[in-house]
Amino acid sequence: EEADMSGIFFFIVLAALASVAILIAGGVSMAKGGRYDEAHSFPLMEAEVIVQALAIGLLLIAALFWM
């Protein structure tokens with residue numbers, strides 16, 4: 001059973017790392033400011049919300065199968 005859960009935990013960690021990477025990219029975008037930030041802030045925010053939703057969904061799936 002633990003071998004089955006290790007696969008989903010890999011994807012949970014991957015989603016968490018992707019979320020952190022997007023968060024850092026958003027911070028860099030804000031620090032740059034100007035047209036660069038205007039062009040990239042909304043797509044980065046969208047990506048952040050999608051990746052966080054994916055991570056939470058994976059956590060919920062893992063919790064349901066763990067119980």
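Residues are called buried when their relative accessible area is under 20%, exposed when it is over 50%, and partly exposed in between, with a 1.4 Å probe and protein chains only. By this criterion, buried residues make up 22% of the 67 residues in the protein. The structure is a predicted model, in which local features need pLDDT of at least 70 and side-chain atom pairs count only at pLDDT 80 or more, whereas totals for chains, interfaces and linings use all residues. Residues are numbered from 1 along each chain as its sequence is written, and side-chain values use heavy atoms, with hydrogens and water left out.

The secondary structure consists of two helices and zero strands, where helices (H or I, at least four residues) and strands (E, at least two) are DSSP runs numbered from the N terminus. Helix H1 covers residues 2–32, and helix H2 covers residues 34–66. The C-alpha trace spans about 50 × 15 × 10 Å along its principal axes. The radius of gyration of the protein, taken over C-alpha atoms, is 15 Å, while a compact globule of 67 residues would have a value near 11 Å; the globule rule behind this comparison is 2.2 Å times the number of residues to the power 0.38. Contact is defined as heavy atoms within 4.5 Å, and among contacts between residues at least 6 apart in sequence, 71% join residues at least 24 apart. The accessible surface, computed by the Shrake-Rupley method with a 1.4 Å probe and, for residues, with only the protein chains shown as cover, comes to about 5,200 Å², of which 76% belongs to carbon and sulfur atoms.

Serine 19, which lies in helix H1, counts as buried because its relative accessibility is 12%, and, leaving aside neighbours within four places in sequence, it is in contact with Glu48, Val51 and Gln52. Isoleucine 22, also placed in helix H1, counts as buried because its relative accessibility is 16%. With residues up to four places away in sequence not counted, isoleucine 22 touches Leu44, Ala47, Glu48 and Val51. The C-alpha atoms of isoleucine 22 and valine 51 are separated by 8.9 Å, although these residues are 29 residues apart along the chain. Glycine 27, by its position a residue of helix H1, is partly exposed because its relative accessible area is 32%, and its C-alpha atom is separated by 17 Å from that of valine 51, which is 24 residues apart from it along the chain.

Between serine 29 and phenylalanine 42, which are 13 residues apart in sequence, the C-alpha to C-alpha distance is 11 Å. Aspartate 37 is buried yet has no salt bridge, and the nearest side chain of opposite charge, that of lysine 32, is 10 Å away. In this assignment a salt bridge is a side-chain nitrogen of Lys or Arg within 4 Å of a carboxyl oxygen of Asp or Glu, and Lys and Arg count as positive and Asp and Glu as negative, with His and the chain ends not counted.

Together with Phe10 and Leu14, Phe11 forms a nonpolar patch on the surface, with about 320 Å² of accessible area in total. Patches are made of residues with over 30% relative accessible area and no salt bridge, like charges being joined within 9 Å and nonpolar side chains (Val, Leu, Ile, Met, Phe, Trp, Tyr) within 5 Å. Leucine 59, in helix H2, likewise counts as partly exposed because its relative accessibility is 45%. Leucine 59 and phenylalanine 9 are 50 residues apart in sequence and 8.3 Å apart in space, C-alpha to C-alpha.
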